[in-house]
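Here is a short report on a structure.

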Amino acid sequence: MRSPSGPDTGSRSVAALQQIALLLAILLAWYFASGNLLPAFYISDPVSVAKVIGRWIADGSLWLHIGTSMLTLFLGYAIGATLGIAFGLLLGMKPDLEEMLAPFIAAIYGLPKVALLPLFVIAFGIGLLSKVMLVASVVVFLLFYATLSGVRDIDRDMIDGLRLMGAKEDEITRKVRFPAILPWIYTGLRTSIGYALTTTVVAEALSSNRGLGFLIEHSAAQFNAAGVFAAVVVLLVVSSLIMIPLGMLEKRAGSR
Amino acid sequence: MKMTAAQKIHTQPDMAQITLENVTVEFTSRALTVKAVDSISLDIRQGEFVALVGPSGCGKSTALNMIAGLLKPSAGSVTYAGAPVAGPNTRVGYMTQKDTLLPWRTVEDNIAIAFELRARKAEAANARERVREMIELVGLAGFERHYPAELSGGMRKRAALARMLIYEPETLLLDEPFGALDAQLRLVMQQELLRLVERRKMTVVLVTHDLEEAVALADRVVVFTSRPGRIRMMRDIDFARPRVPEKLRFTPEFGAICEELWRELREEVAKSVAHHA
């Protein structure tokens, strides 16, 4: 039987127990496979990984790397999202201009941005800024297309109705366009955070001396499997934590 | 051309509020051109209630779109209060067939939206009170905080009607305003509309499929031909105002006018059906 309000608290706690059990099973399987089924050199083992993480916490390097990655991620994300939404709104309201620019935008969108990293390093230096701009260059297109689709999806009659009441363009933007594209923006924000994180990590792995991407690359270069896995586990936790608030935001917008 | 049109207005005793002169509308999609309206001319006096009837696709809604300034005629001219209509006509209230309520606003906030606009700020005095009255008038009391998606089609229509009526535009363009309502509610709403229109001396252009509705409410019924829409005939309806449609309906004159109009209309409907077959 299905209840209208979704799973009740009883079955939810059962599910939580099952999830914990599954996690333990995976860790145990990993522990026993290491050195028996597969060489520990490649897959390390949970205990060594935990020790590495413990060491990073103890010497404080974990926070430095997480902090660097998060700073890159959120700066790039914020810049890219702001520009993307602005351009999406602008071109959504000027279809002629949009049509003229469309092939150019599509061409640059299709280009794998990571390939531009060397150019960005030349332009913005080896430091944080080049990575921030790379992340922004990925996010800007995703938010641009999300916003543009949102603006195009707006019922023309809704706008005309307000226009006949005497609404000016800025009032139509505030009272119709913004609220109408909000769900599209939420979706865009949620999907692009994953791309932003990927770009951050890859950029750090390619050219950086700090950040989670650097940590993975650095450990791998030293054939330190425990270090690679430790960095991946940290990344896993961080990315899960980032996703939670965005998911809630979208659920709230979707409930209308 | 323009001069004579202007002169005509000044020399007319009843000033024409809306004038369509030899208006033709063609829609082009791909290589196909469809003539929706074929050189219609129509004068609507200030304070007059005109009903447009005709088979589906005869260009009645197109005529409303032109008066509202949302559509430019391919040929001919549309004049409102002596000036050519160029761009959205903010002196009309337009209730389209499809309701255009904002889905993220409650009924109450949808109805009040006109008062949030700079253009209507002056009229926003005791807006709260007027919104409440209007909600009561259209029978949506108790649904103030509901979102459009939570309402039935008929309720959304009534909310849209309230949203248009609340700022009391001098001219109402109504496209099948009561189409989605059940028969009883339709009678009530017709009466309410008449009451408001007669009190405020509004000019009304009503598009409807319902001949009885047209005869009961309008001063003049215009019968359109099937596509391309032309004016087949006009009939003045001389019932005294204020009118009570529910009573009017049972008089022999009412039946006779409806029958007369229906004879004209049925031929056009038959033609349009033959077209589609």
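Which side chain meets that of Arg232(B) in a salt bridge? The side chain of Glu264(B) does, at 2.6 Å, N to O. A salt bridge here is a side-chain nitrogen of Lys or Arg within 4 Å of a carboxyl oxygen of Asp or Glu. The pair links distant parts of the chain, 32 residues apart: Arg232(B) sits in strand β10 (residues 231-236) and Glu264(B) in helix α9 (residues 252-276) of chain B.

## Basis of the model

This is a predicted model; local features need pLDDT of at least 70, side-chain atom pairs count only at pLDDT 80 or more, and totals for chains, interfaces and linings use all residues. Residues are numbered from 1 along each chain as its sequence is written, chains are lettered from A and ligands numbered from 1 in the order in which they are written, and side-chain values use heavy atoms, leaving out hydrogens and water.

Helices (H or I, at least four residues) and strands (E, at least two) are DSSP runs, numbered from the N terminus.

## The interface of chains A and B

Chain B puts 24 residues in contact with 20 residues of chain A. Contact means heavy atoms within 4.5 Å. The buried area is about 1900 Å², and carbon and sulfur atoms give 65% of it. Buried area is the accessible area (1.4 Å probe) that two parts lose on being put together, summed over both. On the chain B side, Trp104(B), Leu117(B) and Arg118(B) lose the most area, together 33% of what that side buries.

The rule finds five salt bridges across this interface. One pairs Arg118(B) with Asp170(A), with the closest N and O atoms 2.9 Å apart. Asp170(A) lies in helix α9 of chain A, and Arg118(B) in the loop between α3 (107-111) and α4 (127-137) of chain B. Asp170(A) is partly exposed at 37% relative accessible area, and Arg118(B) is partly exposed at 45%. Buried means under 20% relative accessible area, exposed over 50%, and partly exposed in between (1.4 Å probe, protein chains only).

## Other salt bridges

Over all chains, the structure holds 35 salt bridges. Arg132(B) and Glu136(B) form one at 3.9 Å, N to O. Both lie in helix α4 of chain B, four residues apart, about one turn of the helix. Arg132(B) is partly exposed at 41%, as is Glu136(B) at 49%.

Back to the opening pair: Arg232(B) is partly exposed at 27%, and Glu264(B) is partly exposed at 24%. In chain A, shared partners join Arg156(A), Asp160(A), Arg163(A), Glu169(A) and Arg177(A) into one salt-bridge network.

## Nonpolar cores

A nonpolar core is a set of buried Ala, Val, Leu, Ile, Met, Phe, Trp, Tyr and Cys residues joined through side-chain atoms within 4.5 Å. The largest has 104 residues; Val176(A), Phe49(B), Leu172(B), Leu174(B) and Val221(B) have the most contacts inside it. Helix α9 (residues 169-206) of chain A gives the most to this core, with 10 residues. Another core, of 28 residues, lies apart from it and includes Ile44(B) and Met66(B).

## Two buried serines

Ser34(A) lies in the loop between α1 (9-33) and α2 (40-43) of chain A. Ser44(A) is in the loop between α2 and α3 (46-59). Ser34(A) is buried at 12% relative accessible area, and Ser44(A) is buried at 4%. A polar atom of the Ser34(A) side chain lies 2.7 Å from the backbone oxygen of Ser44(A).

Notes. Polar contact = N/O pair within 3.5 Å; in protein donor to acceptor, adjacent residues only side chain to side chain.
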